[in-house]
Each structure stands twice: as structure tokens, then as C-alpha cells.
Amino acid sequence: PQWVTRIKVETSVDGSSWDIVLNDVPSNTDTTTQVTNEFSQLVNARYVRITVLEYFGHPSMRAAVIGYP
């Protein structure tokens with residue numbers, strides 16, 4: 001079994017300057033539970049970067065970003 005336990009999420013409008021939106025937040029605790037992490041406010045971004053900070057076994061995860069027009 002493998003899963004990611006902690007992540008950091010950053011956003012950018014140009015790909016060179018990044019803002020931390022979520023820092024060191026908990027993620028999964030097992031292989032089957034779905035986890036949702038929401039931003040505290042709306043973010044205008046072209047890029048989203050998710051960095052794995054801690055994991056169990058191997059760092060593997062699926063991610064989805066839901067945007068509003």
C-alpha cells in the first residue's frame with residue numbers, strides 16, 4: 001500500500017512566482033478514503049503545484065482541481 005499523507009499547494013498566474021495556498025495539510029490516511037482540501041478563498045491562477053511533503057510506502061496520489069469561470 002502507498003499514499004500521500006501531507007501536501008503543500010501553490011498557485012501561480014505566470015509559472016515563475018508562486019503563492020502558497022495550503023501549507024503542510026493532511027491528506028490520506030489509507031488507500032480508499034477520498035480527501036477534500038479546499039482553499040479558504042477564491043484564487044485566480046493559471047498553474048497549480050502540489051508538493052508531496054510526507055507519504056506512506058511510495059508517494060502516489062490522484063488530484064483534481066475544480067475551477068469556476
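A residue is called buried if its relative accessible area is under 20%, exposed if this is over 50%, and partly exposed in between, with a 1.4 Å probe and protein chains only. The model is predicted, so local features need pLDDT of at least 70 and side-chain atom pairs count only at pLDDT 80 or more, while totals for chains, interfaces and linings use all residues. Residues are numbered from 1 along each chain as its sequence is written, and side-chain values use heavy atoms, with hydrogens and water left out.

**Exercise 1.** Find out how many aromatic pairs the structure holds, and classify the pair of Trp3 and Phe56.

Solution. Step one is the rule: rings of Phe, Tyr and Trp (its six-membered ring) pair if their centres lie within 6.5 Å, and planes under 30 degrees apart count as stacked, over 60 as edge-to-face and the rest as tilted. By this rule there are two aromatic pairs. In step two, the rings of Trp3 and Phe56 are 4.3 Å apart from centre to centre with 15° between the planes, and this pair is stacked. Step three places the residues in strands, which are DSSP runs of E with at least two residues, numbered from the N terminus (helices are runs of H or I with at least four). Trp3 belongs to strand E1 (residues 3-12) and Phe56 to strand E3 (residues 47-56), so the pair ties together parts 53 residues apart in sequence. Finally, Trp3 is buried at 13% relative accessibility, whereas Phe56, at 41%, is partly exposed.

**Exercise 2.** Classify the pair of Trp18 and Tyr47, and state what sits over the ring of Trp18.

Solution. The ring centres of Trp18 and Tyr47 are 6.4 Å apart and their planes stand at 55°, so this pair is tilted. Trp18 lies in the loop between E1 and strand E2 (19-26), while Tyr47 lies in strand E3, 29 residues apart. Both are partly exposed, Trp18 with 25% and Tyr47 with 32% relative accessibility. For the last step, a charge sits over a ring if NZ of Lys or CZ of Arg is within 6 Å of the ring centre and within 35 degrees of the ring normal; the charged end of Arg49 does so, 3.9 Å from the centre of the Trp18 ring.

**Exercise 3.** Describe how E1 pairs with E3 and with E2.

Solution. Two strands pair if DSSP finds at least two bridges between them. E1 and E3 run antiparallel and are joined by nine bridges, with Trp3 opposite Phe56. E1 and E2 are also antiparallel, with five bridges, and here Thr11 stands opposite Asp19.
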